[in-house]
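Me: I have a protein model open and want to learn how to read it. Can we go through it step by step?

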Amino acid sequence: MIVAVGVNSDGRREILGMDIAPSEAETFWTAFLRKLARRGLRGVKHSTNPIERLNGEIKRRTEVVGIFPNEHAIVRLVGAILREQNDEWAVQRARYMTLETIAPLSDDPTVSLTAIAG
């Protein structure tokens, strides 16, 4: 299971996508990243740090199940975990990143600190 997490222009984390494959081969990663790009992902800069805790939670909750009968069962459980996490991030008062730290990372010249703050 591969999960993509991002930080939006508002400084809040979001789940961007997930997929399942038998291995993390280059062809799988290429297809996964192309799907995200087709959905509009641009300007990737994202560290693995934000996803470490999420991966730990997924691992903790899937180990309880042990063996899944099929891929649909994996998608259903992990999808529910990701939706739950995304909802928690959406209602948090504090941003994951401040507007000051996001502005210099943007590839879009129309996104700047003054544009975001204004």
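The dialogue below takes up the nonpolar cores and then the salt bridges.

Me: What kind of model is this?

Reply: This is a predicted model, where local features need pLDDT of at least 70 and side-chain atom pairs count only at pLDDT 80 or more, while totals for chains, interfaces and linings use all residues. Residues are numbered from 1 along each chain as its sequence is written, and side-chain values use heavy atoms, with hydrogens and water left out.

Me: Which residues make up the largest nonpolar core?

Reply: Start with the general idea. In soluble globular proteins, nonpolar side chains tend to be buried together. A nonpolar core is a set of buried Ala, Val, Leu, Ile, Met, Phe, Trp, Tyr and Cys residues joined through side-chain atoms within 4.5 Å. Buried means under 20% relative accessible area, exposed over 50%, and partly exposed in between (1.4 Å probe, protein chains only). Here the largest core has 10 residues: Val 3, Val 5, Ile 15, Ile 51, Leu 54, Ile 58, Val 78, Ile 81, Leu 82 and Trp 89.

Me: Which elements give two or more residues to this core?

Reply: They are strand S1 (2-7), helix H2 (49-65) and helix H3 (71-91). Helices (H or I, at least four residues) and strands (E, at least two) are DSSP runs, numbered from the N terminus. H3 gives the largest share, 4 residues.

Me: What is Leu 54 in contact with?

Reply: Contact means heavy atoms within 4.5 Å. Leaving aside neighbours within four places in sequence, Leu 54 touches Val 3, Val 5, Ile 15, Leu 82, Gln 85 and Trp 89. A second, separate core has 6 residues, among them Phe 28 and Phe 32.

Me: How many salt bridges does the structure hold?

Reply: Side chains of opposite charge can pair when their charged atoms come close. A salt bridge is a side-chain nitrogen of Lys or Arg within 4 Å of a carboxyl oxygen of Asp or Glu. This structure holds 4. In one of them, Asp 19 pairs with Lys 35, with the closest N and O atoms 2.5 Å apart.

Me: Why does that pair tie together separate parts?

Reply: Asp 19 lies in strand S2 (residues 13-19) and Lys 35 in helix H1 (residues 26-38), so the bridge ties together parts 16 residues apart in sequence. Lys 35 is partly exposed, at 38% relative accessibility.

Me: Where do Glu 57 and Arg 60 lie?

Reply: Both lie in helix H2, 3 residues apart, about one turn of the helix.

Me: What about Glu 84 and Arg 61?

Reply: They form a salt bridge too, the closest N and O atoms being 2.9 Å apart. Glu 84 is in helix H3 and Arg 61 in helix H2, 23 residues apart. Salt bridges that share partners join Glu 57, Arg 60, Arg 61 and Glu 84 into one network.
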